[in-house]
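Here is a friendly briefing to read alongside the model.

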Amino acid sequence: MQHTITDDTVAFIAHWEGFKSHAYYDATGHVWTIGYGHTKAVYKDMVCTKAEALKWLKTDANRVARFINSLD
C-alpha cells in the first residue's frame with residue numbers, strides 16, 4: 001500500500017500542530033522551527049506566510065510518506 005499525503009491530511013496536521021509565522025528556537029529539539037513545525041533551512045528572524053508554511057508541511061509530510069513507502 002502506497003501512503004500519500006492529501007490536502008485533507010495537511011489540514012489535519014496543521015490544525016493540531018499550530019502555526020507560528022516567526023522562527024523560534026525549539027529547545028526540546030534544539031533547532032530553529034517555523035510555520036507548522038518546519039525545520040529545514042530555518043534561521044533566526046525568519047518569517048513566513050501560512051501559504052508557505054502549508055507548502056513546507058506538505059513537502060515534509062511527503063518526505064515521511066516516501067520513507068514509509070520504502071519500508072513496504
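The protein chain carries 8 positive and 8 negative side chains, and the centres of the two sets lie 5 Å apart. In this count Lys and Arg are positive and Asp and Glu negative, while His and the chain ends are not counted; each charge is placed at NZ of Lys, CZ of Arg, CG of Asp or CD of Glu. Please keep in mind that this is a predicted model, where local features need pLDDT of at least 70, side-chain atom pairs count only at pLDDT 80 or more, and totals for chains, interfaces and linings use all residues. Residues are numbered from 1 along each chain as its sequence is written, and side-chain values use heavy atoms, with hydrogens and water left out.

**Salt bridges**
- The structure holds 2 salt bridges, each defined as a side-chain nitrogen of Lys or Arg within 4 Å of a carboxyl oxygen of Asp or Glu.
- Asp7 and Lys58 form one of them, at 2.7 Å from N to O. Because Asp7 lies in helix 1 and Lys58 in helix 2, the pair ties together parts that are 51 residues apart in sequence.
- Asp7 is exposed at 54% relative accessible area, whereas Lys58 is partly exposed at 28%. Here buried means under 20%, exposed over 50% and partly exposed in between, using a 1.4 Å probe and protein chains only.
- Arg63 pairs with Asp60, with their closest N and O atoms 3.2 Å apart. Both residues lie in helix 2, 3 residues apart, which is about one turn of the helix.
- Asp60 counts as buried at 18% relative accessibility, while Arg63 is partly exposed at 37%.

**Fold**
- The protein chain has 2 helices and 2 strands, in the order α-β-β-α from the N terminus. These are DSSP runs numbered from the N terminus: helices are H or I with at least four residues, strands E with at least two.
- Of its 72 residues, 26% count as buried.

**Nonpolar core**
- In the largest nonpolar core, which has 14 residues, Ile34 and Met46 touch the most other members. Such a core is a set of buried Ala, Val, Leu, Ile, Met, Phe, Trp, Tyr and Cys residues joined through side-chain atoms within 4.5 Å.
- Helix 2 gives the most to this core, with 5 residues.

**A loop residue**
- Gly29 sits in the loop between strand 1 (20-26) and strand 2 (31-35), and is partly exposed at 43% relative accessibility.
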